[in-house]
Amino acid sequence: MEQVYLAPCTEYQYESLKQVVDDIFDHLQLNRFLFQGANVVIKPNLLMKCNPDTAIITHPLLVAAVGTKVKELGGKVTIAESSGGRYTPSTVKHIYQSCGYTNMAQQYGFLLNTDCSYRSLKAHKAVRCKEFQVISPILDADIIIDVGKLKTHCMTGMSGAVKNMFGVVPGLMKPELHCRFPDKQEFSEMLVDLCEAVRPHIAIMDAVMGMEGNGPSGGKPRFIGTIVGGTNPYAVDMVCASIISLKPSEIFMLRSAMERGICPNSVEEIEILGASLTETVISDFLPPQSKSSDFIQYLPSFLRPLATKIATPVPKIRTNKCIGCGKCAESCPQHTIEIKNKKAYIIYNNCIRCYCCHEMCPEHIIDIKRLALFNL
């Protein structure tokens, strides 16, 4: 059975986080022989420039605890991420600085990657995408540690270990993949292709403070009080989905992984170590407003495409609050957002409802709205 470790953790305090990380490594039997002399890359979730207290990004102190453990076991630590937007040394440095990673890396002695080169990676067993452009430090790593942030996600339902791997695709190449795979199921299958091609060796989820509602950036911080760890990113995500009361079978990434035989078919097939999963579950965790309407599956097949289009929410810009920064237009895969008179406007004829604009808006003034009929 796949093993996933649940560790209670109520605050971002280094000593507490380090003890949790020690417990995860011990229970998963991640010993010194794996790390001695290894080039270890830690991949956090640094979606955008923001304070760690917003619950949008992986907290730097958890990464500090993981990196310190790796160094104790003889590994060399590099932290690498390609956030949304441009992937250049200057933008990467600004991300690290604003997210609290520059000071953390200096204090604990880690290297922050600023090499913005990338190379092709074949995905030999892929279902949707046979080749990816991937940032160089990931391809050069001996061991990859995926340290994500547990959040809801307007497109994929949940952002966890698998979705965090999307950050290995360089900057503005991410919208290209959104454009190639606008359908949620196909996009999620592509994410599994990517995760399998890169395949992180360890997945640790920051779920002390998570995000509910319209994540991954526009939702509300929600206390969860746990850290989740495992060697199978799909099993980690399955446990995380259960914690925030999402059905794993309704998350396309996990469903695709189940069909491929690389993920347990249910959380009951996972050996939970540490804390009790039942006692960790949050029954009233708010899903994103973009969650599919259940009634559609009961309609005749010929009506489902139209009903899905009508029922799927669209991004709405609060124009009076818009500062005209252009981040939404930059991230839009369909180039369907225009900036006029320092305000952003969406041309809905071409909108594929990927919610990249909502995700990357630094002011969080793009809402997810569905017809009032479907809010009943």
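This is a predicted model: local features need pLDDT of at least 70, side-chain atom pairs count only at pLDDT 80 or more; totals for chains, interfaces and linings use all residues.
**Overall form**

The chain has 15 helices and 15 strands. Its C-alpha atoms occupy a box of roughly 55 × 45 × 40 Å along the principal axes. The radius of gyration is 20 Å, which agrees with the value near 21 Å that a compact globule of 376 residues would have. Of the 376 residues, 57% are buried. When contacts between residues at least 6 apart in sequence are considered, 74% of them join residues at least 24 apart.

Charged side chains number 39 positive and 36 negative, with the centres of the two sets 9 Å apart.

**Nonpolar cores**

The largest nonpolar core contains 118 residues. Helix α10, covering residues 233–243, gives the most to this core, with eight residues. Apart from this core lies another one of 12 residues, including Cys328, Ala344, Cys357 and Ile365.

Within the largest core, the residues with the most contacts are Phe25, Phe35 and Ile145. Leaving aside residues up to four places away in sequence, Phe25 touches both Phe35 and Ile145.

Val21 and Thr102 are each placed in a helix, as tabulated here.

| Residue | Helix | Helix residues |
|---|---|---|
| Val21 | α1 | 14–27 |
| Thr102 | α5 | 101–108 |

Val21 has a relative accessibility of 0% and therefore counts as buried. Beyond residues up to four places away in sequence, Val21 touches Leu62, Ala65, Val66 and Lys69. The C-alpha atoms of Val21 and Thr68 are separated by 9.5 Å, while the two residues are 47 residues apart along the chain.

Thr102 has a relative accessible area of 17%. Since the limit for a buried residue is under 20%, Thr102 is classed as buried. With residues up to four places away in sequence again left out, Thr102 touches Lys93, Tyr96, Gln97 and Leu112.

How values were computed. Residues are numbered from 1 along each chain as its sequence is written. Side-chain values use heavy atoms; hydrogens and water are left out. A nonpolar core is a set of buried Ala, Val, Leu, Ile, Met, Phe, Trp, Tyr and Cys residues joined through side-chain atoms within 4.5 Å. Buried means under 20% relative accessible area, exposed over 50%, partly exposed in between (1.4 Å probe, protein chains only). Helices (H or I, at least four residues) and strands (E, at least two) are DSSP runs, numbered from the N terminus. Contact means heavy atoms within 4.5 Å. The radius of gyration is taken over C-alpha atoms; the globule rule is 2.2 Å times the number of residues to the power 0.38. Lys and Arg count as positive and Asp and Glu as negative; His and the chain ends are not counted. The place of a charge is taken as NZ of Lys, CZ of Arg, CG of Asp or CD of Glu.
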